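We will visit a few places in the chain and see who sits beside whom.

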Amino acid sequence: MSVQVRQLDVADFDGHRQGLITLLLDAVKNGASVGFLGDIDSAQADRYFSEVHHTLSSGALAIWIAEDQGQLVGSVQLSLCLKPNGLNRGEVQKLLVLSSARRRGIARLLMQHLEAHTATLQRGLLYLDTEAGSDAENLYRSLGYTCIGGLPGYACGPDGKYRANAIYYKTLSLPD
């Protein structure tokens with residue numbers, strides 16, 4: 001596989017913004033329930049990534065991208081809890097893979113990089129939510145995440161229909 005994964009820093013972010021926008025628009029167009037409805041446009045996606053850039057600058061977020069021959073084909077975000085009582089955890093957000101690049105292990109590779117980084121930060125607990133019944137559930141289970149339930153009618157998919165979510169966690173290490 002020629003896919004390369006790397007963590008973006010603040011200085012690199014704007015150089016990859018258009019690729020991130022394309023990735024988000026592709027994900028929503030293909031049914032991913034990632035916080036946006038089907039009518040998302042480039043301007044709305046750009047505003048979202050302005051917020052991501054700000055959060056990245058604050059140190060509360062880390063982001064990885066996957067590139068294949070210079071094309072951005074995937075990304076994932078790690079939101080870090082900065083509250084004193086939550087320094088042991090992080091939330092996995094927006095694991096996205098370009099629809100034309102799926103089923104090549106890119107999501108798994110992104111998650112492995114995120115988990116390795118999380119361990120270096122001495123954060124032992126990762127959690128996430130995804131759409132119940134989605135293909136993503138199989139990935140998370142195969143990576144050792146445990147489903148602890150979900151909420152009915154939690155969020156709209158891009159089609160505007162409310163669906164249940166599934167909440168997962170993975171313990172990387174126990175706090176001292």
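## Gln77 and its surroundings

Gln77 touches Tyr48, Phe49, Val52, Leu61, Ala62, Ile63, Glu91, Val92, Gln93, Lys94 and Leu114, leaving out residues up to four places away in sequence; contact here means heavy atoms within 4.5 Å. This is a predicted model, in which local features need pLDDT of at least 70 and side-chain atom pairs count only at pLDDT 80 or more, while totals for chains, interfaces and linings use all residues. Residues are numbered from 1 along each chain as its sequence is written, and side-chain values use heavy atoms, with hydrogens and water left out.

You will find Gln77 in strand β3 (residues 71-80); helices (H or I, at least four residues) and strands (E, at least two) are DSSP runs, numbered from the N terminus. Gln77 counts as buried because its relative accessibility is 3%, where buried means under 20% relative accessible area, exposed over 50% and partly exposed in between (1.4 Å probe, protein chains only). Its C-alpha atom is separated by 5.7 Å from that of Ala62, 15 residues apart along the chain. The side chains of Gln77 and Tyr48 are joined by a polar contact of 3.2 Å. A polar contact is a pair of N or O atoms within 3.5 Å; within protein, one must be able to donate a hydrogen and the other to accept it, and residues adjacent in sequence count only if both atoms are side-chain atoms.

## Helices α1 and α2

Next, take a look at the helix pair. Helix α1 (residues 10-29) packs with helix α2 (residues 42-58) at an angle of about 145°, and their axes are 9 Å apart. Axes are lines fitted to C-alpha atoms, for helices over the stretch in contact, and angles run from 0 to 180 degrees between N-to-C directions.

Residues of α1 in this contact include Phe13, Arg17 and Leu24, and those of α2 include Ala45, Tyr48, Phe49 and Val52. By class, the contact residues divide into 11 nonpolar, four polar and three charged. Here Ala, Val, Leu, Ile, Met, Phe, Trp, Tyr, Cys and Pro count as nonpolar, Asp, Glu, Lys and Arg as charged, and the others, Gly among them, as polar.

## Aromatic pairs

How many aromatic pairs does a search of the whole structure find? There are five. Rings of Phe, Tyr and Trp (its six-membered ring) pair if their centres lie within 6.5 Å; planes under 30 degrees apart count as stacked, over 60 as edge-to-face and the rest as tilted. The Phe13 and Phe49 pair is tilted, because the ring centres are 6.4 Å apart and the planes stand at 45°. This pair links distant parts of the chain, with Phe13 in helix α1 and Phe49 in helix α2, 36 residues apart. Both Phe13 and Phe49 are buried.

Phe36 and Tyr48 form an edge-to-face pair, because their ring centres lie 5.3 Å apart with planes at 80°. Phe36 is in the loop between α1 and α2 and Tyr48 is in helix α2, so this pair ties together parts that are 12 residues apart in sequence. Phe36 and Tyr48 are both buried. Ring pairs link Phe13, Phe36, Tyr48 and Phe49 into a cluster.

Our last stop is Asn165, in strand β9 (residues 165-171). Asn165 counts as buried because its relative accessibility is 6%. Its side chain makes a polar contact with the side chain of Asp129 (3.4 Å) and reaches the backbone nitrogen of Leu151 at 2.7 Å.

Thr130, in strand β5 (residues 125-131), is in contact with Asn165, and also with Ala136 and Tyr168 among others. Thr130 is buried too, with a relative accessible area of 13%.
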